[in-house]
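Please look at the sequence and the three-dimensional structure below, and then work through the exercises that come after them.

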Amino acid sequence: MRRSLPKLLLLACLTGGLATARAEDLQKAPTLADHPPALLDNAQASAAALVERGQMAMFDMNFDLAAQSYCHAAQLGDVEGHYRLGRLLLQQRGLRRALGQARFVLTQAAALGNAEAALLVSSNAAFAGQAAVRPTCLPESVRVAAQPLGWVPASFDPKAKAISAEEVEKYVSQLSVERRTWAKRVQERAPFFGVDPGLAVSLVRAESNFDPNALSSANAQGLMQLIPETAERFGVNNPLDPAQNIEGGLAYLRWLLKRFDHDVIKTTAAYNAGEGAVDRYEGVPPYPETRAYVERILRFYRAAVHTAPPVPKSQRVKLVNKAPAQPRG
């Protein structure tokens, strides 16, 4: 029997309204990470025991218990708890908020050194563009590691301390006489720019390996590989003059450290690819050369956050803080 057109339209509107309501209800529905974490019988249970219980719950298809167990482990600062909770949230189909929560938890797992989590958080597509959302089961009172957005090196360790002055000295002492001369000059001048000598040495090591005559295909010159625009911006008349090059390079490094709040990963990525590229990608750009560069520096310097040394009282330098008209990259 044929239905009249008005009735069909009414049915379509009702169906569409129900679908919209279901979608809205689905978005408001709690996710697996919106429940309080369940404790084991032993309140002092280890994170490893909680992760093991979560795995057993997954085997039994008890996803609520799995999420609660992983979340409890995550509250204890366990990297595996963060990673497994994130993967579980990422697999929830149709729960859009879970993608944001997954991004938050996996970002923490990456910050704690999980390489697979780092790969996941480097891909915005994995989260359908959803911004990170803190899960209810990880309240603000739970201290989690600060983490730069986007890609991080596999060697990233948020708890690592910067290379010691003694270790830097040992490295410098093994260089050739000429290169050691310039490495010591970098160490000496870095504090006057508020830059840790260890970071400055690490950067010059990656840029030119202390060769004052180094020249790249992009026309970056000298010890700190200054391109003409950067050299001009920081008052370097002759980039192949090692002393001038060091002063200009340290001024630029200091400017970037201030711009990126002493985040070593973003700062060094910007030194290599330009601050504009770091801004566009909200972190390290997806350039193989830049990623290899950042990882090389981090393996030497280790710390992900730069701590400025006290500026010597004598011979203070006037830092250049002029921003470029157009960001590099």
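Predicted model: local features only at pLDDT ≥ 70, side-chain atom pairs only at ≥ 80, totals over all residues.

**Exercise 1.** Determine where Phe210 is placed, what value its phi takes, and whether Phe210 counts as buried or exposed.

Solution. Begin with the place: Phe210 belongs to the loop between α9 (197-207) and α10 (228-233). Next, take the backbone angle, for the phi of Phe210 is near 65°, a positive value in a residue other than glycine. Most residues other than glycine have a negative phi. Finally, turn to accessibility: buried means under 20% relative accessible area, and Phe210 counts as buried because its relative accessibility is 0%.

**Exercise 2.** Carry out these steps for Arg302, giving its place, its phi and its accessibility class.

Solution. Arg302 is found in the segment after α14 (288-301). The phi of Arg302 is near 80°, which is a positive value in a residue other than glycine. With a relative accessibility of 32%, Arg302 counts as partly exposed, since that class lies between the cut-offs of 20% and 50%.

**Exercise 3.** Describe the surroundings of Asn209, stating where Asn209 lies and which residues Asn209 is in contact with, leaving aside its neighbours within four places in sequence.

Solution. Then list the contacts: leaving aside neighbours within four places in sequence, Asn209 is in contact with Tyr171, Arg179 and Val204.

Terms used:
Residues numbered from 1 in each chain as written. Heavy atoms only, no water. Helix = DSSP H or I, 4+ residues; strand = E, 2+ residues; numbered from the N terminus. Buried < 20%, exposed > 50% of the residue type's maximum accessible area, 1.4 Å probe, protein only. Contact = heavy atoms within 4.5 Å.
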